[in-house]
Amino acid sequence: MGLLISKLWSMFGNEEHKLVMVGLDNAGKTTILYQFLMNEVVHTSPTIGSNVEEVVWRNIHFLVWDLGGQQSLRAAWSTYYTNTEFIIMVIDSTDRERLAVTREELYRMLQHEDLSKASLLVYANKQDLKGSLSAAEISRQLDLTSIKKHQWHIQACCALTGEGLYQGLEWIYKTKRKKRKTPVFPGICEKYVLCFFIMRRNIHKCLEILQTKKFILYEKQNKLFFFFF
Ligand SMILES: Nc1nc2c(ncn2[C@@H]2O[C@H](COP(=O)(O)OP(=O)(O)OP(=O)(O)O)[C@@H](O)[C@H]2O)c(=O)[nH]1
Ligand SMILES: [Mg+2]
């Protein structure tokens, strides 16, 4: 019974997903966290340890851990990795000198077994500042295309205005939905829509829906069932 309830709960998108936000000190992690939470810029001081907040996006609940990025704190990042589904790496796009350090930290992280299934979102932050590197240039310098075992995406952003931040969350949302094994709520809706069209024998509309969806078709007691993903 408990299992059934938790399955139904997850189908309606109320489960919580763990996300860790890393990056060198001064990259803008805490500023991003509070933009997500309050839609405003807060005054920050360097994070010692971590901040954690629940962020809700499109009815998905994310538990976001913002980890301090100073050199002495980075060794402790791995203690937060268990059950992490998404890594957000924040980069100060003007900090050209330390991009090599970021790169080292990034590949060290990706090798950690607790993150073997995690997807990676890179925020190329501080795009408002003169001389900032573009997301494409950062991607090139970090050699992101060499990452094959993790899904990844890079997003240019500015934590002060919020520009680009939600596009990043949107990528996380879509990636999350693709990873999902249980059918999601819109899939169930589609099933009923489809049954409606079948009943009205609107075969063209039916085919249109089926072409855009992943599904398993099975038969039980002389009835056809569509199981959407
Ligand atoms: N111009 C500009 N400044 C930013 C942006 N994002 C953050 N900052 C500033 O960068 C400074 C550091 O931001 P934080 O969010 O504290 O950085 P952090 O990554 O949390 O740093 P640690 O906690 O030390 O790891 C603050 O003064 C922010 O106001 C941005 O997009 N543009
Ligand atoms: Mg911070």
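User: Before we start, when do you call a residue buried or exposed?
Analyst: A residue counts as buried if 20 or more other C-beta atoms lie within 10 Å of its own, as exposed if 12 or fewer do, and as partly exposed in between. With that in hand, and bearing in mind that this is a predicted model, buried residues make up 27% of the 229 residues in the protein.

User: OK, and how many helices and strands are there in the protein?
Analyst: The protein has 8 helices and 8 strands, and of its contacts with a separation of 6 or more, 68% are between residues 24 or more positions apart.

User: Switching topic, which residues does the UniProt "binding site" annotation cover?
Analyst: According to the UniProt record, which is an unreviewed entry, the "binding site" annotation covers Thr 30 and Thr 47. They span 18 residues in sequence, yet no two of their C-alpha atoms are more than 7.6 Å apart, so they gather at one spot.

User: Where is Thr 30, and what is it in contact with?
Analyst: Thr 30 sits in helix α2, which runs over residues 29-38, and leaving aside neighbours within four places in sequence, Thr 30 is in contact with Thr 44, Thr 47, Asn 51 and Asp 66.

User: Is Thr 30 buried or exposed?
Analyst: Thr 30 is buried, because 23 other C-beta atoms lie within 10 Å, where the cut-off is 20 or more.

User: And what about Thr 47?
Analyst: Thr 47 lies in the loop between α2 and β2 (50-57), and Thr 47 is partly exposed, with 17 other C-beta atoms within 10 Å. Not counting residues up to four places away in sequence, Thr 47 touches Thr 30, Asp 66 and Gly 68.

Definitions and conventions: Residues numbered from 1 in each chain as written. Chains lettered and ligands numbered in written order. Predicted model: local features only at pLDDT ≥ 70, side-chain atom pairs only at ≥ 80, totals over all residues. Helix = DSSP H or I, 4+ residues; strand = E, 2+ residues; numbered from the N terminus. Contact = placed C-beta atoms within 7 Å. UniProt positions renumbered as here; feature names shortened; annotations may be inferred.
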